[in-house]
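Here is a set of questions and answers for a first look at this model. Each answer sets a value against its rule.

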Amino acid sequence: MLIGEGSAIFHKWIVYPYVIVYDDRADPYRRQMTSDNRVRRIDRTRDMISSTSNPKIKNLIQLQKKAKERRATGTFVVEGRKMVAEAPIESLVQVYVSETFEGEEEHRNLLSRFSYEVLSDSVFKSVSDTQTPQGILAIVKQPSYQLSDLLQGDKTHLLVLESIQDPGNLGTMMRTGEGAGITGIIMNGTTVDLFNSKTIRSTMGSIYRVPFFVTDDLTGTIHKIKEQGVHCYAAHLKGNASYDRMNYAEPTAFFIGNEGNGLSKEIADLADTYIRIPMEGEVESLNAAIAATILMYETNRQRRSN
């Protein structure tokens, strides 16, 4: 029935400023009060995207799967309540939620912050990149930085990555880097795509806050940061100096190489100092993200002590 002024209310309604939403899940219709206090009926079955052939769904799938499409549009996809909630509001291009997510009371505050489109649960599951979708994802504008944004005088603390291939490693380095206070990450063009869905998930939101710079000329970029007084250390098996004997109070950059091959000779030779992380037992090296974390937090420890 259509509720009008003065009518008795026999169903559950949720009241917001200027809006009354009929909350009967069995009824495919929602009713909203317009600004002039007239009731407007909204057919949610018409508004909901319920087909994977919808152009918007096809675009979502392309963005999820293809780095070329992400580069062409300057956007990427984030999924989950935390990742959407932490995205800068001005960077949100489009938010999508499942019908179940929209109907849950606990999400109403979040959904009041932006406009969104509703997908049927089955369609949402088809575009989700996770085994257990939370019910919300968004297309977000890619952040962009200049090299100068990463250089913060005496506070400069950088990771320089050469051809890192594992999305989880890259995302973990960004996340732990934020915790350790790095001023940015430099990576070459053959490093895994930063906006890969697995990388984004591993950053746990740090993608929004840690400056980064992708370069096709890593050698030239290293020369530029050295000209700015940044002391460069290569984490290398041939290093003679233990990492915890160095002074990282000055502007500092750590070179981290490919998981399988390490640093190329060309990049390693640009370092001012080779350093090593002492190993016990028969272990020869550590996971790239673990090694980077140890170095970044040693820098953080020294700077806090000073």
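Q: Which elements each supply at least two residues of the lining of the largest cavity?
A: Strand 5 (75-79) and helix 10 do. Helices (H or I, at least four residues) and strands (E, at least two) are DSSP runs, numbered from the N terminus. The model is predicted: local features need pLDDT of at least 70, side-chain atom pairs count only at pLDDT 80 or more, and totals for chains, interfaces and linings use all residues. Residues are numbered from 1 along each chain as its sequence is written, and side-chain values use heavy atoms, with hydrogens and water left out.

Q: What makes a space a cavity?
A: On a 1 Å grid over the protein atoms alone, a cavity is a set of points where a 1.4 Å probe fits but cannot get out; a pocket is an open set with protein on both sides within 12 Å along at least five of seven lines; lining residues have an atom within 4 Å of a point. The count here comes to 1 cavity of 30 Å³ or more. The largest cavity has a volume of about 90 Å³. Its lining includes Gln64, Asp129 and Arg201.

Q: What is the volume of the largest pocket, and which residues lie nearest its centre?
A: The volume is about 530 Å³. Of the 21 lining residues, Ala235, His236, Leu237, Gly262 and Ser285 lie nearest the centre. Strand 15 (273-276) and helix 13 each supply at least two residues of this lining.

Q: Why is Thr183 called buried?
A: Buried means under 20% relative accessible area, exposed over 50%, partly exposed in between (1.4 Å probe, protein chains only). Thr183 has 12% relative accessibility, so Thr183 counts as buried. Thr183 lies in the loop between helix 9 and strand 10.

Q: What makes the pairing of Thr183 with Leu150 a polar contact?
A: The rule asks for a pair of N or O atoms within 3.5 Å; within protein, one must be able to donate a hydrogen and the other to accept it, and residues adjacent in sequence count only if both atoms are side-chain atoms. A polar atom of the Thr183 side chain lies 2.8 Å from the backbone oxygen of Leu150.

Conventions: Points joined across faces, edges and corners; volume = space filled by probe spheres on them.
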